[in-house]
Amino acid sequence: MKLRSYLLIANGISIAVILIFLIVSYVKMLLSLDVVIWLSGVTLGVGLLSFILHYFLTRPIETSIHRITLESKKIADGDFQGQLVPSGPIEFQMLAKQFNEMSRKLDESFNQLRSSESSRRELVENISHDLRTPLASIQSFVEALQDDVIKDDTTFQRYLTTIRVETGKLSGLINDLFQLSRLQSGVELFEPEPYHMDNIILEKIQSHLLQLEEKKLEIKVEMSDSLPSVAIMPAKLKRALSNLLQNAIRYSPEGGLISVTVSEFGNDMVRVSIADQGEGIRESEQELIFERLYRTDKSRNRESGGAGLGLAIAKSIIDLHGGSIGVESVYGKGSCFWFTVPQYVVK
Ligand code: ADP
């Protein structure tokens, strides 16, 4: 039975009971027949009027319920765009507002789900591409060696070197993916120890000396003598720094200058920045480059760069330390990558 019919029947029954009691009372009052008939007539009329008023006054309830029913049907069909206009009794207005809020949240969640599904697909495609390229190259060189077509020792050695280089790339990529997945899944715990930032900077520059020399790059380091100790996980931070330094070298022009600056930041952080004179990064891409597998060079040529995991790993490491990471860059002029890590506080 519809709610409105139910309300009308309930109202009809209560009016009928009141009328019966009134009419019986009139009869018992020993009034003249005319008066009883007149009073009963008026009472019946008022009862009827009340019923009619009730009929019209319950209409907004029916309309509101009807609209909410239609809206829930739309939601059930996956359409979250509809907006109920709050009207009718106050409870229904509140219900309509809550309904709109619920549709908006459902819409948001579904959009997130769709975009994470498509970025997952994109991720799998990119990883497959990055794994396939060195694998295909290894396969073709191994086949050439197996076919025994290479007779001279120099070519033989060159083929072996290529296989070794490609295998190295493959294992580096798998290692990066493993690291990133551990960092982003939150299984890595933050277990810091007091450390001196200057040690890490000098060690990392030392390990990149060969590449710096190869590109004839000049490196300038600026840090104050009274730098406080930092609370970090040294191996992880070395990794983050190495990725930034590697990029600065990779994207710098030959003979360029790389400036590394370390300074206190606020009361409780230390800031490290690495500036290069490379190609720079467009403003629209400055946030995206910290996403995994994002490369500004869409041709994805691994000769000109990595797989696009370096900055995502660096960001996850800095996030783990409770610091921030970012870039300031002018396209065509150079980039300055920076990050902050907490100072060590003696307890
Ligand atoms: P990749 O291994 O491809 O360098 P990263 O995650 O380290 O991956 O960097 C992502 C992208 O950010 C790079 O493909 C490059 O386009 C851009 N990028 C990173 N560092 C620099 C830099 N110092 N100068 C210019 N572009 C950079």
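Helices, numbered from the N terminus, are DSSP runs of H or I with at least four residues. The views below are all taken from a predicted model.

**Figure 1. Residues around the ligand in the predicted model.** The ligand is surrounded by 18 residues. The closest are N247, R250, D276, T296 and L311. By class, this shell divides into eight nonpolar, seven polar and three charged residues. Its largest share, three residues, is supplied by α8.

**Figure 2. Polar side-chain atoms facing the ligand's nitrogen and oxygen atoms.** The side chain of N247 places an N or O atom 2.7 Å from an oxygen atom of the ligand. For Y251, a polar side-chain atom is found 3.1 Å from an oxygen atom of the ligand. D276 has a polar side-chain atom 2.8 Å from a nitrogen atom of the ligand. Taken alone, the ligand exposes 530 Å², and 98% of that area is buried by the protein. Two or more residues of the shell around the ligand come from each of α8 (234–251), α9 (310–320) and β7 (334–342).

**Figure 3. The largest cavity.** The structure holds two cavities of 30 Å³ or more, and the largest has a volume of about 50 Å³. Its lining consists of S64, R67, I68, L84, V85, P86, S87, F92 and A96. The elements that give two or more residues to this lining are α3 (59–76) and α4 (90–146). Six of the lining residues are nonpolar, two are polar and one is charged.

**Figure 4. The second largest cavity.** This cavity holds about 30 Å³ of space. I201, K204, I205, L241, L245, V260 and I274 form its lining. Two or more of these residues come from α6 (197–207), and two or more from α8. The largest share, three residues, belongs to α6. By class, the lining has six nonpolar residues, no polar residues and one charged residue.

Figure 5. A polar atom of the Q343 side chain lies 3.0 Å from the backbone oxygen of M269.

**Figure 6. Q286 and S335.** Q286 sits in the loop between β5 (269–275) and α9. Because its relative accessible area is 14%, Q286 is buried. Along the chain, Q286 and S335 are 49 residues apart. The C-alpha atoms of Q286 and S335 are separated by 9.9 Å.

Key
Residues numbered from 1 in each chain as written. Predicted model: local features only at pLDDT ≥ 70, side-chain atom pairs only at ≥ 80, totals over all residues. Heavy atoms only, no water. Near = heavy atom within 4 Å. Polar contact = N/O pair within 3.5 Å; in protein donor to acceptor, adjacent residues only side chain to side chain. Areas by Shrake-Rupley, 256 points an atom, 1.4 Å probe, with all protein chains shown as cover. Nonpolar A, V, L, I, M, F, W, Y, C, P; charged D, E, K, R; others polar. 1 Å grid on protein atoms, 1.4 Å probe; cavity = no way out; pocket = protein on both sides within 12 Å on 5 of 7 lines; lining within 4 Å. Points joined across faces, edges and corners; volume = space filled by probe spheres on them. Buried < 20%, exposed > 50% of the residue type's maximum accessible area, 1.4 Å probe, protein only.
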